[in-house]
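Dear colleague,

Please find below the structure for your records. A short account of the findings follows it.

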Amino acid sequence: MYTIGEVSKMMNISVSTLRYYDSVGLLLNVSRNENGNRVFDSKDINSLILIECLKASGMKIKEIKEFIDLCLLGNDSLKDRLEFFKKQEQVIDQEIKKLENSMNMIKFKQWYYSTAIEHNDENYVRNLSIENMPKEIRELYKKTHHIN
């Protein structure tokens, strides 16, 4: 069993956040010791790992609570829980694509400014045709500027 302070340090989650999670019903197994203080077990730690993962994936507390509520339904909700994660996978896939697009633009701009610095002239890069760019940069340019 772990105290709320120990869990806070171990998981890098503030004590107030842990109390909030408990108060909104995200932590189903948290018990209290003889002094009335929350104590956490390994199941609570596993729940926190999942909660933090879902939050990091962009999920809101309300949505996480909906998943917890599904868990309370037992075996009758297994298909719904699977669909829950399939849906979140699609959300994450879309976010990854956005981040890849951002990374492509950043890489292109690094090349752009490095080349401008190398030639001491931004117009040099501005006036370069796509065909005169290095192959990997040409591909980045096409992706970031939506050219086939």
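Apart from its neighbours within four places in sequence, leucine 18 is in contact (heavy atoms within 4.5 Å) with Ile4, Val7, Ser8, Ile13, Leu27, Phe40 and Leu48. A second, separate core of 10 residues includes Val125, Leu128, Met133 and Leu140. A nonpolar core here is a set of buried Ala, Val, Leu, Ile, Met, Phe, Trp, Tyr and Cys residues joined through side-chain atoms within 4.5 Å; buried means under 20% relative accessible area, exposed over 50%, and partly exposed in between (1.4 Å probe, protein chains only).

Please note that this is a predicted model, in which local features need pLDDT of at least 70 and side-chain atom pairs count only at pLDDT 80 or more, while totals for chains, interfaces and linings use all residues. Residues are numbered from 1 along each chain as its sequence is written, and side-chain values use heavy atoms, with hydrogens and water left out.

The largest nonpolar core has 19 residues, of which Val7, Leu18, Leu27, Phe40, Leu48 and Ile64 touch the most other members. At least two residues of this core come from each of helices H1 (4-11), H2 (15-23), H3 (42-56) and H4 (61-72); helices are DSSP runs of H or I, at least four residues, numbered from the N terminus. H3 gives the most, with four residues.

As to disulfides (pairs of cysteine sulfur atoms within 2.5 Å), the count is zero. Cysteine 53 is in none, and the nearest cysteine sulfur, that of cysteine 71, is 14 Å away. Cysteine 53 is partly exposed, at 47% relative accessible area, and cysteine 71 is also partly exposed, at 27%.

With kind regards
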